[in-house]
Amino acid sequence: MIRSFAIFGLLLGSACAEDESLAKYGAAGKVWTLSEIDSAPFAARATMEFGEDGAVSGQAPCNRYSTKQTEPYPWFKVGPTMSTKMACPDLDLESAFFQALGAMSLSEVSETTLILSNDAGRTMVFKAE
């Protein structure tokens, strides 16, 4: 009997948990295209989309990827990231994209601009399509 109440409590707590990801704060329903990393134009196409419960997915320069936002807005951290394993001429840009994405710790979203940044001064700027 006690076990039933404990399981019910866990289920109720998770059902009542509020989504504090970027999706709740204006990033959902848009495809965000990377325009620059560290103030330099990004020379390939990379996108990001935000879903419910912190889901993050998109197209890197070569491969589709998915991950989860693990910190509440405005903080930003993702991981682990899963991606397909296709080769293409832009693998170096894909590596730079994933390395920068993993280094970001803060997010700011407006109507058409998403900025990811960190304390070291690194930035990623995305524009809504």
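Contact here means that heavy atoms lie within 4.5 Å. By that rule, and not counting residues up to four places away in sequence, Phe-97 touches Leu-34, Ile-37, Phe-42, Ala-46, Thr-47, Ala-60, Pro-61, Tyr-65, Met-124 and Phe-126. This is a predicted model, in which local features need pLDDT of at least 70 and side-chain atom pairs count only at pLDDT 80 or more, while totals for chains, interfaces and linings use all residues. Residues are numbered from 1 along each chain as its sequence is written, and side-chain values use heavy atoms, with hydrogens and water left out.

Phe-97 also belongs to the largest nonpolar core, which has 25 residues and in which Met-48, Phe-50, Phe-97 and Met-124 touch the most other members. Such a core is a set of buried Ala, Val, Leu, Ile, Met, Phe, Trp, Tyr and Cys residues joined through side-chain atoms within 4.5 Å; buried means under 20% relative accessible area, exposed over 50%, and partly exposed in between, with a 1.4 Å probe and protein chains only. At least two residues of this core come from each of β1 (32-37), β3 (47-50), α2 (91-103), β8 (113-117) and β9 (123-128), where helices (H or I, at least four residues) and strands (E, at least two) are DSSP runs numbered from the N terminus.

In α2, the buried residues are Glu-94, Phe-97, Ala-100 and Leu-101. Seen down the axis of α2, they fall within an arc of 130°, so they line one face of the helix; the arc is that of the directions from the helix axis to the C-beta atoms. The face turned away from this buried side carries the exposed residues Asp-92, Gln-99 and Gly-102, whereas the cover over the buried residues includes β1, β3, β5, β8 and β9.

A disulfide, meaning a pair of cysteine sulfur atoms within 2.5 Å, joins Cys-62 to Cys-88. Cys-62 lies in the loop between β4 (55-59) and β5 (64-68) and Cys-88 in the loop between β6 (82-83) and α2, so the pair ties together parts that are 26 residues apart in sequence.

The structure also holds three salt bridges, each a side-chain nitrogen of Lys or Arg within 4 Å of a carboxyl oxygen of Asp or Glu.

| Salt bridge | N to O distance |
|---|---|
| Lys-24 and Glu-20 | 3.3 Å |
| Arg-122 and Asp-38 | 2.9 Å |
| Glu-129 and Arg-45 | 2.7 Å |

The pair of Glu-129, in the segment after β9, and Arg-45, in the loop between β2 and β3, links distant parts of the chain, 84 residues apart.
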